[in-house]
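Student: I should like a close look at a single helix and its surroundings. Please set out the cut-offs as you go.

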Amino acid sequence: AAMCMAKGPGNDMFESTRIIGQNIYLKAKELYEKASQEVTGPLSSAHQWVNMSDVSVQLSATHTVKTCKPALGHSFAAGTIDGVGAFNFTQGSVEGDPFWDQIRDQLLGEPSNETKACHKPKPILFSTGEMTWPHPWHPDIVDVQIAAIGSLAILAVPGEFTTMSGRRLREAVKSEFDSHGTRGMNVVIAGLCNVYTHYITTYEEYQVQRYEAASTIYGPHTLSAYIQLYRGLAKAIALNATQELPRGPEPPLFNVTSLTLLPSLSAEKAPDAKTFGDVLEEVRQEYREGEVAEVTFVGGNPRNSAENATEHNFLTVERYSNISSSWRVVLNDASWDTRFYWSKVSGGQSNVTIEWHIPAGTEPGVYRLRYFGHYKKRVNLFRTITVPFEGSSSAFQIT
């Protein structure tokens, strides 16, 4: 599976990101310029908490089904073509693997018979709804919400709906608005809102158990449950009765700030006769548009900066001003044309390489690249402190 990896339209991730982002921007701009309908009317919203592991869904006059405690299937571990998994997991698994099931049972515990039956035909890899240490692995209580602006209804959904699931949800909500006298509503789905609950597939997609279906954590009737819930929100908005909606069960509040699975960072060293921020590989004296200015420093682990500085730039590109006889920041690590690479080398040492891909239209002049970091310093046998440092390349000319 690892040999079947999707690739974007560019030569690397940076070029692919630029191409995709530009295409989205151009289409959005085109739609904006062609827009003919102005959205006017009242603002309204409806929100509920719901226990998604225990929703009764009325499929017909005679048939009721229920959602399940959260669980991930074997095909979840297979990943997809844009992010493949490891080992021998494959998409479309409707039977478990005895080898992995035995490892799961010994490490995490066997899923209950009730959960297994509820999720069929999904073979359960992780019964996350039954895993509670040190906190629940998946949420039971999630948000459902609609915000309406005149004739526009935005469905704030807590997960990733497949294309067909999204269509069915939109059509159901639109039909609900129509049946209660609010006709012509434009229904838009805004995914990944409020809380994340993986994917939501149709019942038919669920039977095939590809990656998205294995990641539909509340079982085969997840979509039907969401359709029922969002119909209820739409009805409340259409009838101006949102104040009568029950809030639903409050979600638990967990203090996870002290919990981390990251190993603690140990003291770091600089090479002999060097200190943190010293230049290891210097820039050239002169560059032109289209070239890459590059410098390598004695570095520190970037986690030190992330954990000890609330506002921090890892790098800046600065231009010398003859008028003020000072350096002025023109780019930082949020700029498209800069790159920051950290590499760990032997003996507790780190290197940091900063690149500036000089774009067309860059103003000629004198520039430099600067680096801002932190390193761990051992004070005694039991204590380390975090120390800030800076580094700067030599000045170089852009002609």
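Student: Is α7 mostly covered or mostly uncovered, and how many of its 17 residues are buried?

Tutor: The model is a predicted one, in which local features need pLDDT of at least 70 and side-chain atom pairs count only at pLDDT 80 or more, whereas totals for chains, interfaces and linings use all residues. Residues are numbered from 1 along each chain as its sequence is written, and side-chain values use heavy atoms, with hydrogens and water left out.

Helix α7 is mostly covered, with twelve of its 17 residues buried. Buried means under 20% relative accessible area, exposed over 50%, and partly exposed in between, for a 1.4 Å probe and protein chains only. Helices (H or I, at least four residues) and strands (E, at least two) are DSSP runs, numbered from the N terminus. The buried set of α7 consists of T222, L223, A225, Y226, I227, L229, Y230, L233, A234, A236, I237 and A238.

The expected span of a helix is 1.5 Å times one less than its number of residues. For the 17 residues of α7 this gives 24 Å, which agrees with the 24 Å between its end C-alpha atoms. Just after α7, N240 adopts a positive phi of about 55°.

The next matter is the core. A nonpolar core is a set of buried Ala, Val, Leu, Ile, Met, Phe, Trp, Tyr and Cys residues joined through side-chain atoms within 4.5 Å. The largest one has 36 residues, and M52, I146, V173, Y226 and Y230 have the most contacts inside it. Two or more residues come from each of β1 (43–51), β8 (141–149), β9 (152–156), α4 (163–179) and α7 (222–238). Of these, α7 gives the most, with eleven residues.

With contact taken as heavy atoms within 4.5 Å, and residues up to four places away in sequence not counted, M52 touches T222, A225, Y226 and L229, among others including C68.

The structure holds one disulfide, between C68 and C118, with the sulfur atoms 2.0 Å apart. The torsion about its S-S bond is about -85°, so the disulfide is left-handed. C68 lies in the loop between β3 (64–66) and β4 (72–73), and C118 lies in helix α3 (residues 113–119), 50 residues apart. C68 counts as buried because its relative accessibility is 1%, while C118, at 25%, counts as partly exposed.

Methods:
A disulfide is a pair of cysteine sulfur atoms within 2.5 Å.
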